[in-house]
Amino acid sequence: MDAYRTMNADTGESPAGVYRRYLESGKLGFQRCSGCGKAVFYPRLICPDCGGGGLVWETNSGRGTVYATTAVYRRAADPYNVVLVDLEEGFRMMSRIEGVPADSVEIGMKVAFRVAREGAVPIPVFVLQSEAP
Amino acid sequence: MSLRGKTALVGVAESDLGKVGPGFTPLDLVGQATLRALDDAGLDKSDVDGLFSASAYHHMPTLSVGEYLGIRPRYSDATSMGGSSFVSHLFHAAAAIDAGLCEVALITYGSTQRSGGGSLSYNHPGMYGLLLIVEAVRQLRGEYGVRQAHEANIALVHGNGGVLSSQVTAILARSG
C-alpha cells in the first residue's frame, strides 16, 4: 500500500505539506474525493465539486496534455513558458515545459511530469513525453 | 424599512484555532470552517449562492475562496474594513437576501497569522509597535539563538495601521 495514502489533514499534516513531501520523493500527489470520485488539485481540505471533506491522496502517471500555453518575455533574457496541463487522472495544473523554447510549446503536446530543483525547493515541471526516459 | 427578522443565522463554526501545523494556509482554515458551518446548518455546499469574505492574505478574497471551495456565487462581497468587515458582511448579506440577490450566504475568514509568527510577522503600530522594536533590538544584539537572523546589522521596522492614518518606519543599526 502506498504509504502516503494514510496521510491527510486529519492527522495534523497540511495539504501543502503532504504535496511537498510527494515532490521530495519525485512524485506528483493529488487528491481524489471519496464522496464523488472527482480528482482535486490544488490540494485542499474540502472537495470543490461536492463539498465533501474526505479527500484521499493518490499519485499519478505524470502523463498529461498541454491545455493552454503562453510565453512570457523579459528584458534581456530568454522568454519563459507557462502552461496549464491536463493530467490523465483528470485534474489541471499550472506548470512549465522544460527542454523546449518557450514559444514552441503548443496546445495538445503530450508531456510528462518530473521534479526540478531550485535550490532546495522541488518544483513540478513537465518535459515532452517523446523525450522522457 | 428594516432588515430585522427577515433573515436568520442558520449555522456557525470555527476552524482549528491557535497554532496550526506547517503548511496550513488561510484557505485551508476557510475550508475547515465552511465544512463545519454547513454541517451545523444542515445545508449542502451547492445551496450556497452568496459569498462574503475579507482577508489579510488574498487581495480579492471572494475569488480565492470561491476557487478553493468550488463556489460560483450569484452574489459576492469582499468589503474590507478590518475587524468590522464581517459585521458589514452580515448586514450586506441580510440586505442581499432580502433583495433576492442570493438565498444562502456564506461569510468566511481564515488567517494563519499566529502560526506565521504572530506579531513578529505582521503588526499594528498603535497596539503592538513596541514589540517590533524589541524584536529588532534583540536581533541586532544577537540574542535570539535558533531564530537569530544571520549577521543582523540594520533593522527596518514598519507598522501599517489604518490607511492614511498611521504608517511608521524606523531604522535601527548596530553601533560598534
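Me: How far apart do the C-alpha centres of domain 1 of chain A and domain 2 of chain A lie?

Reply: They lie 22 Å apart; bear in mind that this is a predicted model. Domain 1 of chain A covers residues 3-59, and domain 2 of chain A covers residues 63-131.

Me: What makes up the contact between domain 1 of chain A and domain 2 of chain A?

Reply: Each domain gives 8 residues to it. On the domain 1 side, two or more residues come from each of helix H1 (15-24) and strand E2 (39-40) of chain A. By class, that side of domain 1 has 6 nonpolar residues, 1 polar and 1 charged.

Me: Why are E2 and E3 of chain A called edge strands?

Reply: The open sheet has 3 strands, ordered E2-E1-E3 (chain A), with antiparallel pairing. E2 and strand E3 (55-59) of chain A each pair on one side only, and that makes them the edge strands.

Me: How do you know that strand E1 (residues 29-33) of chain A pairs with E3(A)?

Reply: Pairing calls for at least two bridges, and 5 bridges join E1(A) to E3(A), the two running antiparallel.

Me: What joins strand E5 (residues 77-87) of chain A to strand E6 (residues 92-95) of chain A?

Reply: There are 4 bridges between these antiparallel strands, which meets the requirement of at least two for a pair. Leu84(A) stands opposite Met94(A) in E6(A). The hairpin of E5(A) and E6(A) has 4 residues between its strands, and Gly90(A) takes a positive phi there, near 105°.

Me: Now to the other chain. How do you know whether the length of helix H3 (residues 85-98) of chain B agrees with what it should span?

Reply: Its 14 residues, at 1.5 Å a residue, should span 20 Å, and the end C-alpha atoms are 20 Å apart, so the two agree.

Me: Why can the buried residues of H3(B) be said to line one face of the helix?

Reply: Those residues are Ser85(B), His89(B), Ala93(B), Ala96(B) and Ile97(B). Viewed down the axis of H3(B), they fall within an arc of 100°, so one face of the helix is what they line. They pack against strand E1 (50-53), strand E2 (75-77) and strand E3 (105-108) of chain B.

Me: What is on the other side of H3(B)?

Reply: Val87(B) and Phe91(B) are there, and both are exposed; that label applies when 12 or fewer other C-beta atoms lie within 10 Å. Just after H3(B) comes Gly100(B), with a positive phi of about 80°.

Me: Lastly, how many residues does the contact take from chain A and from chain B?

Reply: Chain A gives 14 residues and chain B gives 18 residues. The chain A side divides into 5 nonpolar, 5 polar and 4 charged residues.

Technical notes
Residues numbered from 1 in each chain as written. Chains lettered and ligands numbered in written order. Predicted model: local features only at pLDDT ≥ 70, side-chain atom pairs only at ≥ 80, totals over all residues. Contact = placed C-beta atoms within 7 Å. Nonpolar A, V, L, I, M, F, W, Y, C, P; charged D, E, K, R; others polar. Expected span 1.5 Å × (residues − 1). Buried ≥ 20, exposed ≤ 12 C-beta atoms within 10 Å, placed from the backbone. Arc of directions from axis to C-beta. Domains from an automatic or database assignment.
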